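User: Please take a close look at a single part of this model and describe it in one connected account. I would like every cut-off stated where it is needed.
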Amino acid sequence: MIVRVESLDDPRLDAYARLTEVQLRSKLEPEQGIFIAESDKVVKRALAGGMEPLSLLMEEKWLPVMQPVIDDMTQRFPDAPAFVAPEGELRKLTGYELTRGALGAFRRPPLPTVADVCAGARRIAVLENITNHTNVGAIFRSAAALGLDGVLVTPACYDPLYRRAVRVSMGTVFQIPWTRIEGSWPYDGVSLLHDLGFKLAAMALSDDSLALDDPRLAAEGRLAIVLGTEGDGLAPATIAQCDYTVRIPMHHGVDSLNVAAASAVAFWELRVR
């Protein structure tokens with residue numbers, strides 16, 4: 001259902017124009033929380049991933065590109081409108097020309113349990129307190145592309161459904177199972193993963209770290225790769241409770257990689273052969 005609007009003042013566009021990310025996430029969460037997807041590809045992946053759309057927003061010139069998406073959405077969710085607004089109004093909203101087709105407002109899904117995400121999984125990632133949305137999105141993209149079975153985020157880790165994280169992930173956040181660890185981290189979380197049959201590999205620089213290609217790591221049937229925030233890295237308490245401490249060998253005096261780059265290297269090397 002296509003609905004043309006003349007101004008962002010239209011109250012039906014509140015999710016795009018007036019609610020902050022925090023309000024989108026928590027104002028009515030969990031049952032009615034909202035997240036924003038940006039670009040035709042991300043919107044398509046959100047729909048394919050079973051996300052429930054509330055509406056789309058685009059300018060007129062993107063209608064031909066988005067028409068198949070609109071048709072699919074209308075068939076499955078007939079009450080969700082596709083708003084079409086003038087280019088000048090959307091530029092006010094984004095600060096730049098919206099060159100990737102559309103924005104979509106979606107209802108936040110209920111998160112699965114850790115046990116559900118880990119059921120049948122052999123390789124998962126654990127993101128400890130990563131406080132950069134770009135890194136969160138990039139790690140999800142690498143996790144999906146390189147064959148991980150799931151992602152867990154700690155209580156203080158930034159939101160994978162934050163608009164920038166979703167955009168950087170290219171919508172892969174809808175393709176790979178994930179959830180947030182409840183309770184205390186690392187104590188409750190590490191214990192739960194051990195109970196589920198996982199060994200934990202802490203990605204950290206220390207004198208007793210194993211090299212990433214150590215055959216003991218590849219031989220593990222169920223392995224959780226634990227990644228820490230930029231700068232401080234993993235907490236000492238986390239490293240102490242993990243089964244392995246693992247490093248990526250560095251050259252030319254470089255001490256470490258950005259956590260998103262390190263995740264891609266680790267996911268590839270530790271993939272199930």
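In which sense, parallel or antiparallel, do strand S3 (residues 52–58) and strand S5 (residues 103–107) pair, and over how many bridges?

Analyst: Strand S3 (residues 52–58) and strand S5 (residues 103–107) pair in the antiparallel sense, and five bridges join them; pairing here requires at least two DSSP bridges between two strands. The model is predicted, with local features needing pLDDT of at least 70 and side-chain atom pairs counting only at pLDDT 80 or more, while totals for chains, interfaces and linings use all residues. Residues are numbered from 1 along each chain as its sequence is written, and side-chain values use heavy atoms, without hydrogens or water.

The two strands belong to an open sheet of five strands, arranged in the order S1-S4-S3-S5-S2 with mixed pairing; strands are DSSP runs of E with at least two residues, helices are runs of H or I with at least four, and both are numbered from the N terminus. The edges of this sheet are taken by strand S1 (2–4) and strand S2 (34–38), each of which has a single partner strand, so one side of each is left without a neighbour in the sheet. On average, and with direction ignored, neighbouring strands are turned by 25° against each other (axes are lines fitted to C-alpha atoms, for helices over the stretch in contact, and angles run from 0 to 180 degrees between N-to-C directions).

Helix H3 packs on this sheet, where it touches S2, S3 and S5, and its direction makes about 25° with that of S5; contact means heavy atoms within 4.5 Å. Helix H4, for its part, lies across S1, S3 and strand S4 (82–84) and runs at about 160° to S3.

On the H3 side the contact is made by Asp-40, Val-43, Lys-44 and Leu-47, and on the H4 side by Val-65, Met-66, Val-69, Asp-72 and Arg-76. By class, the residues of this contact comprise five nonpolar, no polar and four charged (Ala, Val, Leu, Ile, Met, Phe, Trp, Tyr, Cys and Pro count as nonpolar, Asp, Glu, Lys and Arg as charged, and the others, Gly among them, as polar).
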